[in-house]
Amino acid sequence: MRFLAIFLLILFLPGCLGGTKEEKRGDEIVIIYDNRGFGELEGSWGFSALIRFHNYTILFDTGGNGRILLNNMRKLGIDPNEIQYVFLSHIHGDHTGGLWDFLEENSNVTVFLPVSFPENFKENIKARGAKVVAISKPVEILPDVYSTGEMFPVGEQSIILNTSKGIVIITGCSHPGVVRIVERAENITKKKPYLVLGGFHLFGANKTEIKEISKKLKSLGVQRIMPCHCSGDEARKIFAKEFGANYIDCRVGKKIEI
Ligand SMILES: [Zn+2]
Ligand SMILES: [Zn+2]
């Protein structure tokens with residue numbers, strides 16, 4: 001009997017200690033899906049990031065491939081069931097392709113998407129038991145979390161987090177132009193951007209154009225920058241030079257405290 005007690009103690013004590021020692025996770029952004037992988041974290045064309053902010057856990061975009069999305073999540077210790085909200089920037093497959101496999105794991109979510117998404121896309125989400133909120137105008141979707149509203153040509157929304165350091169803006173592909181997105185985010189919140197990250201869609205742009213964009217972002221008050229996904233190597237190089245220590249290198253697994 002005594003052996004059993006000791007055995008049970010050994011079995012459960014580490015768990016109990018672990019439970020009390022565990023710290024509350026701070027606000028952070030984790031890159032789950034990006035063109036650039038890292039070690040066993042697979043890279044692939046597309047974008048997805050996890051946002052832990054206040055008490056919300058938001059999945060921003062879902063990458064192009066559900067298997068890669070879920071594998072990277074698992075390797076990063078992210079449980080799909082901890083996600084409460086999904087925010088889809090725009091309809092392109094490299095941002096929405098992983099959604100269906102994700103919903104297989106957890107359909108108890110609200111999906112924020114641009115109102116121009118096809119009706120059958122919205123119906124397919126609802127058929128899996130998730131809620132859909134269609135966005136057209138700029139709106140506060142959760143306390144301190146905004147959508148820029150749908151911006152064209154593609155019909156793309158970006159997310160804005162109102163943090164104590166300033167606003168954090170996350171873009172999918174920046175088809176409307178990253179400068180226009182930042183300007184709109186400032187107009188909505190009347191705050192300066194602490195950090196801008198995501199796809200900037202500059203892989204075809206020339207050096208002069210990219211330098212101008214970088215300077216414009218600085219003049220808008222952007223402190224830190226993290227070009228991901230479709231930003232292109234040239235843009236990475238130029239932003240790294242312009243922003244110095246405030247440039248963040250993007251790849252799968254990167255975590256940024258906010
Ligand atoms: Zn993209
Ligand atoms: Zn796109």
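Predicted model: local features only at pLDDT ≥ 70, side-chain atom pairs only at ≥ 80, totals over all residues.
Residues are numbered from 1 along each chain as its sequence is written, and chains are lettered from A and ligands numbered from 1 in the order in which they are written. Local features need pLDDT of at least 70, side-chain atom pairs count only at pLDDT 80 or more, and totals for chains, interfaces and linings use all residues; side-chain values use heavy atoms, with hydrogens and water left out.

Reader: Which residues are the protein donors of the zinc ion (ligand 1)?
Author: Donors are N, O and S atoms within 2.8 Å of the metal (3.2 Å for Na, K and Ca); water is not among the atoms, so sites may look incomplete. Here the protein donors lie 2.1 to 2.2 Å from the zinc ion (ligand 1). Their spacing in sequence is D-H-x77-C-x55-H. They are Asp94 (OD), His95 (NE2), Cys173 (SG) and His229 (NE2).

Reader: What is the geometry of the site of the zinc ion (ligand 1)?
Author: Four donors count as tetrahedral if all angles lie between 85 and 135 degrees; four count as square planar and six as octahedral if opposite donors are over 155 degrees apart and all others between 65 and 115; anything else is irregular. The angles among the 4 donor atoms run from 88 to 154°. The site is irregular.

Reader: Which residues are the protein donors of the zinc ion (ligand 2)?
Author: The spacing along the chain is H-x1-H-x82-H. The distances are 2.1 to 2.2 Å. The donors are His90 (NE2), His92 (ND1) and His175 (NE2).

Reader: What distance separates the zinc ion (ligand 2) from the zinc ion (ligand 1)?
Author: Each ion has its own protein donors, among them His90 for ligand 2 and Cys173 for ligand 1. The separation of the two ions is 3.7 Å.

Reader: Is His90 buried or exposed?
Author: Buried means under 20% relative accessible area, exposed over 50%, partly exposed in between (1.4 Å probe, protein chains only). The relative accessible area of His90 is 0%, so His90 is buried.

Reader: Where is Glu156?
Author: Glu156 is in contact (heavy atoms within 4.5 Å) with residues including His90, Cys173 and His175, leaving aside neighbours within four places in sequence. Its place is the loop between strand S8 (145–147) and strand S9 (159–163). Strands (E, at least two residues) are DSSP runs, as are helices (H or I, at least four), numbered from the N terminus.

Reader: Which backbone nitrogen lies 2.8 Å from a polar atom of the side chain of Glu156?
Author: The backbone nitrogen of His175 lies 2.9 Å from a polar atom of that side chain. At 2.8 Å lies the backbone nitrogen of Ser174.

Reader: Which residue forms a salt bridge with Arg36?
Author: The count comes to 10 salt bridges. In this one the closest N and O atoms are 3.1 Å apart. The pair links distant parts of the chain, 213 residues apart. The partner is Asp249.

Reader: Which residues are linked in a network of salt bridges?
Author: Other bridges are pairs, including Glu186 with Lys192 (3.8 Å, N to O). The network links Glu28, Arg52 and Glu82.

Notes:
Polar contact = N/O pair within 3.5 Å; in protein donor to acceptor, adjacent residues only side chain to side chain. Salt bridge = Lys/Arg side-chain N within 4 Å of Asp/Glu carboxyl O.
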